[in-house]
Amino acid sequence: MTAVLPMLPDGALPPLRLLLSWVASRGQGPLQLTRVPAGNHVLPDVLRLGGVQTLEVPAAPYIRWEGAGGSRVLLHAPGAVLDDAEPVLHCGALPVAVAAAAGDSAALLSHLELARLQDASAAVGVGSGAAWEWLVAQDWSRLPPAPSLSELAAARADDQEEGLGVWNPLPLARRCLIEFPALGEPAPWSLVDDRGARHPVQLIENERGRRWLVELPLSPLAGTTLRPCEEPAPGAHWEVSPAVIDNGRVRAELDQLGQIVRLCWDGNFADLAGPACAPLDDDLPLTGAARIAVLEEGPVRARLAVRRESPRGELELIYSLHAHEDCLRVQASWTGAQPCWIDHATAQRAADLLLAGEGARWRLAQAAHAWNPPMPPTPGVRWANLADTAGKGLAIAAGRPLVICAEAGHLRVRVSRNASWALAAPQRPRGALSLGQLAEHLTIGGWPLPAGLDVPRPFRLAELGSLTPLWVSRPAGWDGELLLAEQAGARARAWLLPHADPSAGECWQVDARGRLLTPCPLSGDGDGWQLDAAPGQLLLVRWRLSRSGSA
């Protein structure tokens, strides 16, 4: 019997690392797709990486289907009698046959977040990695939730016995925020890292007691120890009140209902035609007054809470700014029986909407049209960009997939219980994280440095551009494996720079079963390997510093 390609309970494609593991576990026989989800243009590339060459879809014609990254599979209806005629070539997505479902994928996503942390820990020599065979074999709709990463991080920080340390669990250079238990009173002015750089400390109080909050830049999978210092450190320029939250880079101004009426990043204003973060219930503005409170006001993080009560439910919005970040984080909680939509009204009534899950982006028309139906709610979205050709508009990125819809310039996020996202500039400045990289950054913050581990600095990634590193792990016999996706539809070239001389090692593009496909050449300087990606391509890359085995 032909295996059926699984979907998430909400109707979206599974995250790519999980989908690749599932496909690789099913052998090389044909697979069947009973529901065609949004973002399906990545499937041929996933299937070919998993060794699958044929996909069956009900009522489908006999075609050769080319995905976003150029891989091709044969597509036909189940039980179809195939003749000797050459199949017609079809490039790009298939028509979507399923919209957002009522299922909840939160439990499965919590297991994937834990698996990401376990694989990253194994990549720096701690633990054996995620239990993929167990996770692939489960009924994804009936999994109990995994422990929260924020709770695990807080517990790990409480257990640190030998000083303070922080680790970046993502294969992405970024600024990491972490909290530690307060080790004394008063809090120090700053914490000093291994390089001697000072970072401001913020004293906060939560359900775990008094904590120190600190943020600092770290390379992929890199870590540092920290020690208290009584000298101040330079920080952001803050302005925080019930009407404004501003870190010197991002400024959001709120009205009396806690909706954003002005928003800018580095002096570039969002092209708003009405309030952003405006809650809708049954397509009408949410009733009830708002209570706005300042929760934190820097120097590391600022937060505002907006609470609104209506006859249909209670809504809480928390706006957060981290020092030096160029995005405004939004966390929404809703208690109503029916979902609440958070509306962002832009002036881009005719612009196309760019969407992406974890793979290549796709484009949808959201302009009002008398003959075409409006865009349906679309699940599995990690980032959305509604802007004109000059980059004026608004972008949304999320650590967990969102349900998105847009029409006539209104970009909306569905909140069934909880949802989190960030509002960002649609045109990313040079040196900033791309929208795909920003979505990955939002998945997990800094992590307490594992006990007994030397401070790791395993590799760097240079000139990523539109390449987004989605996952890192360490297969047996290798020093590391990266899953990367090109998301902008353009050729990309990046550089993998290991911590030691790579001249005696090797780096390969591989498939999901680890079979070697294409060698990656050494850079001209001999300090790393060259990673080339075609437009929309998915890459699995393995490397080791010694050809005889893992270094």
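**Reasoning from a predicted model**

Reader: What do β16 and β17 form, and which residue in the turn has a positive phi?

Author: In this predicted model, β16 and β17 form a hairpin with 5 residues between them, and G258 in the turn has a positive phi of about 80 degrees.

Reader: How do you know that strand β16 and strand β17 pair?

Author: Two strands pair if there are at least two bridges between them. Strand β16 (residues 250-254) and strand β17 (residues 260-265) share 5 bridges, in the antiparallel sense. The count meets the cut-off, and therefore the two strands are paired. Within this pairing, A252 stands opposite L263 in β17.

Reader: Why is the pair of F459 and W543 given its name, judged by its ring centres and planes?

Author: Rings pair if their centres lie within 6.5 Å, and planes over 60 degrees apart count as edge-to-face. The ring centres of F459 and W543 are 5.3 Å apart and the planes stand at 75 degrees, so the pair is edge-to-face. The pair links distant parts of the chain: F459 belongs to strand β33 and W543 to strand β40 (residues 538-544), 84 residues apart. Both F459 and W543 are buried. The structure holds 2 aromatic pairs.

Reader: Is P144 buried or exposed, and how do you know?

Author: Exposed means over 50% relative accessible area. P144 has 53%, so P144 counts as exposed. P144 lies in the loop between α4 (132-137) and α5 (149-159).

Reader: With which residues is P144 in contact, leaving aside its neighbours within four places in sequence?

Author: They are A107 and H111. Contact rests on heavy atoms within 4.5 Å, whereas P144 and H111 are 8.9 Å apart from C-alpha to C-alpha. In sequence, P144 and H111 are 33 residues apart.

Reader: What makes helix α3 largely enclosed by the rest of the structure?

Author: Of the 18 residues of α3, 16 are buried, so the helix is largely enclosed. Helix α3 (residues 106-123) reaches 26 Å from its first C-alpha to its last, close to the 26 Å expected at 1.5 Å a residue. Just after α3, G125 takes a positive phi of about 90 degrees.

Reader: Which residues touch the most other members of the largest nonpolar core?

Author: They are L5 and V23, in a core of 49 residues. Helix α1 (residues 16-24) gives the most to this core, with 7 residues. Apart from this core lies another of 48 residues, including V250, L272, L286 and I342.

Methods:
Residues numbered from 1 in each chain as written. Predicted model: local features only at pLDDT ≥ 70, side-chain atom pairs only at ≥ 80, totals over all residues. Heavy atoms only, no water. Core = buried A, V, L, I, M, F, W, Y, C linked by side-chain atoms within 4.5 Å. Buried < 20%, exposed > 50% of the residue type's maximum accessible area, 1.4 Å probe, protein only. Helix = DSSP H or I, 4+ residues; strand = E, 2+ residues; numbered from the N terminus. Expected span 1.5 Å × (residues − 1). Phe/Tyr/Trp six-rings, centres within 6.5 Å; stacked < 30°, edge-to-face > 60°.
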